[in-house]
Each structure stands twice: as C-alpha cells, then as structure tokens.
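Hello,

Here is the structure I promised to pass on to you. Please open it alongside this message, and then read on for what turned up.

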Amino acid sequence: MHNSNHNVAVFGAGYIGLVAGACFAELGHRVTIRDIQPARIQALQSGAVPIYEPGLGEMLTRNSKRLRFTLDADEAVRDAEIVYVCVDTPPTASGDADLSRIWAVINALKGASHLAVVTVKSTVPVGTGARIRAAMDTAGLEHVPYASNPEFTAEGRAVEDFMHPDRIVIGTEDDTAAELLADLHDGVKGPTLLMDVASAEMVKLTANALLATKISFTNEIATLCEATGADIAHVTKATGMDHRLGPHFMNAGLGYGGSCFPKDSRALRALASNSGYAFQLLTAVIEVNDLQPRRAVQRLKNELNGLKGRTIALLGMTFKPGTDDMREAPSTVIASRLQAEGAHVRCWDPMAPACNDGPWASAHRCATLPQTMTAADGAIIATEWPQLRQANWSRLATMMNTPVLFDGRNLLTPHVMKQHGYIYLSVGRPTTP
Ligand code: UGA
C-alpha cells in the first residue's frame, strides 16, 4: 500500500481543514474540500485563500490539479476513500464542545459503505469517537473503520508544523485503517504513534492544557517577581534550560488567547466536572489567565491615577502576531475594561480584520503608530508584532501626553525604554525607577 495516492474528502475549510487538505494534496493525494459556506467555497474555487497562513496560498496553487472545493457533501464523499472531519467544535454555554457540525457530517455519510475510514481531526471531548462509532453503526457504516487523528499545528506556522510534526497521533481500533492513515502521511517528517481512540482524543486536550498550564504558571511566577524584585526574564531563561522543563511557553504576559487554549482548557475541565471530578489545577490555570489582562489595566490605572477620560493606545489586537485571528484575544478584554473605567480606546493592528462588535464598536482604529500614540495618556502593547519591536519609540514618546507604556508582552528592553523617556511597565520585570 505504501506510496500510493488516495482520494480524500475533507469536511471543513477552516484553519485545520484547509491546511490538512493542502498538505495531503502536496503529498500527492487527490483532495476534495467541502464547506457549507458558499462565499468560502467560491473564494477557494477562484484561487483566493480565505484565511492567513504562511505558505498556504502557494501550496493550494501548486497543487490545484489535485484539489477540488465543493458545497456538495455527496460529491465529496462519492469518490472518497478517506473522510477527514475538520469542522469546528465551538464551546457551548456549559463549556462542553458543540458537536452539531460533526453530527451533520456523519449524517451526510449515511450509506457510504465504500469508505475505507472516517477520521476526525476536530478537537472533541474524550468519548466522542465512541459515540460517533455508534452513530456510524446505525447509519449503515458498521463496516467502515473510525479513527481519531488530532492536530497539533499552531496558527501562523500550520503548514510547517503539519509537514514536520513532533508526532502524528492515530487512534483507531482497526489495523487496516491505521496502515492506510500512516500511508496517507507518507512524506510527513515525524514519528507516528498508534493508540486507541479515547487516548488519541485525550492526548490533544492534555497537550493544550499542559501548555496553558506552563503559561499560567509562568505568569504567576512573574507576579511574584514583581512583588520580590526578581526578573522573570532571568528566571525563565535559567529554569527553561533544565531539559526536563524546556524553554518553550514560558513567556510571561497577558495570558493565552486564540481558538484553542481557552476552549480546550475549559473543555477538559468540563469533561472532568461531568465525570464528577473537580480538576482544581486546571481551574487555577484558567483563573490566572482570566486575571492577566485585568491586572494590566489595573496597573495602568494605578500609574495614571485613574482612567476616566484618559485616551489609551492599544497596540496589537490579534491573539498573537502573524495571524489575523481575534478569537479570545486578551486585547478584547483590555479594551472592554479600559472603556468600563471610562477611558477612550485607540487601537492599532497590522492584520486584525475590521472589528465592530463589543468594545471595538467604540474604539477608534488608527492606521499608523504615530496616529495611535498622538496625545495618548497611556499605551498598552497587547500583541508582540515585529513592527512594534522596530518602532521609533523615542519619537512616539514625544507625541504622547504622558509617556506611560505597559508592555504586556515583554517585547522591549526596560532600560532602553527609560532612556526614550517612558514610564515603562511590563510583566514580571522590575519597573524602571
Ligand atoms: C495552539 C497549540 O500551540 C497548537 O499545538 C495546537 O494545535 C493549537 O493550539 C490547536 O489546538 O489547534 P495556537 O492557538 O495557534 O496553537 O497558538 P500558540 O502559538 O500556541 O499561542 C496560544 C496563546 O498562548 C497565544 O495567545 C500566545 O500569546 C500565548 N502564549 C504562548 C503566551 O502567553 N506565552 C507563551 O510562552 C506562549
């Protein structure tokens, strides 16, 4: 079976489905990507890429002969050997994942007994695979194997991560399906781990929750550094050099955002709660993360003796640099808190889409840093964009009413910023006297 090309149907043309589909095509497979949004499919058919992901556009163009986009589920399933479910699973009010889009795909597969495997890549609660298995059995798919193949790619580097993963996790009870999926990934540079479905589902939630834990732990140590005069930069550098701990995900700041860590840590906590078990450590991780943007606003408020009537420049809006994604961005909480305290918010971001909901409706978006900073009473860096690292800070200081800068991502160097004339605050580093 090795090195053969397969027909793959990918359901969901979001971050996960588009990247997986493009990469499978790059590996030589024929891929049909199906989505329910007409605008998205039309855009893809006309060669446009609806999301920002480095290298994705080129990859889609390069493999256009092996890629099709459709709204029609039957068309996608008809020629497929392998179905990949990559639809989103947003959180519900109870914190559980909303699986309705997954069920819609499973329903669309009814009677497609020619399939060699149905694989879920979407992040789901542990136990979902078993429920899907039962639903497939009643949909006439009892002879079609089921597999879980969670995704570990990070936004902004998803193509690179997909082609060079730390590991590929395949959970299935069926040996032929396992072999087929391993074959599908032939050419991807990374080890493959085979396991049962529930364990594969658990790996995904565990990895994200542990990374989130590392961030919140670092943020708590940063708070202690502030209280004791230690410097988080030294502490994390030296701590991370212990190979058992590793240097990654130890940047103190405004906390984690995005579509994954907040959702997955809450989902894992809900999974525990629903099993009658209070996951206390994870509850603390979530609480610390909720606190980080609020602490930033409080510290700025203290420095400015109140925020009422002040104009604050919010620098960076997306949840991290290199993406246009605003989901669960700490900047939204900051903008909202600033406004609740009576401040006027001006914001700047090189990539965020036009935002008109929540606090953004009354925030003034500026095109340039000088426009954002002119006559501002204070500023907060919420996203570590490279443009901010390279900005002309001494000139920007002269434009502000009061040069108070809260660097929520520890992007800049305290003594340099002091030389530029700032009252410079950051996370877990001594404040310049
Ligand atoms: C994350 C994981 O890194 C991926 O492995 C996973 O596949 C993905 O979620 C997912 O579940 O789909 P992503 O959300 O794209 O990827 O972003 P990250 O680069 O991991 O950053 C998440 C957040 O943590 C960002 O807001 C970032 O600013 C914050 N962060 C990260 C910190 O505050 N400190 C750090 O040291 C690292």
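Two points on how to read them. This is a predicted model, in which local features need pLDDT of at least 70 and side-chain atom pairs count only at pLDDT 80 or more, while totals for chains, interfaces and linings use all residues. Residues are numbered from 1 along each chain as its sequence is written.

**Overall fold**
The protein has 17 helices and 14 strands (DSSP runs numbered from the N terminus: helices are H or I with at least four residues, strands are E with at least two). Its radius of gyration, taken over C-alpha atoms, is 24 Å, close to the 22 Å from the globule rule for 433 residues, so the protein is as compact as a globular protein of that length. That rule is 2.2 Å times the number of residues to the power 0.38. Along the principal axes, the C-alpha trace spans about 70 × 45 × 40 Å.

**Domains**
The assignment, which is automatic or from a database, gives domain 1 (7-193) and domain 2 (211-426). Their centres, taken over C-alpha atoms, are 34 Å apart. Eleven residues from domain 1 and 14 residues from domain 2 make the contact (C-beta atoms, placed from the backbone, within 7 Å).

**Cores**
The largest nonpolar core holds 76 residues, and Val19, Val83 and Tyr84 touch the most other members. Such a core is a set of buried Ala, Val, Leu, Ile, Met, Phe, Trp, Tyr and Cys residues joined through C-beta atoms within 7 Å; buried means that 20 or more other C-beta atoms lie within 10 Å of the residue's own, with C-beta atoms placed from the backbone. Helix H1 (residues 15-26) gives the largest share of this core, nine residues. Both domain 1 (7-193) and domain 2 (211-426) contribute residues, so this core lies between them. Another core, of 45 residues, lies apart from it and includes Phe319, Val333, Phe406 and Tyr422.

Best wishes

Terms used:
A residue is buried if 20 or more other C-beta atoms lie within 10 Å of its own, exposed if 12 or fewer, and partly exposed in between; C-beta atoms are placed from the backbone. Two residues are in contact if their C-beta atoms, placed from the backbone, lie within 7 Å.
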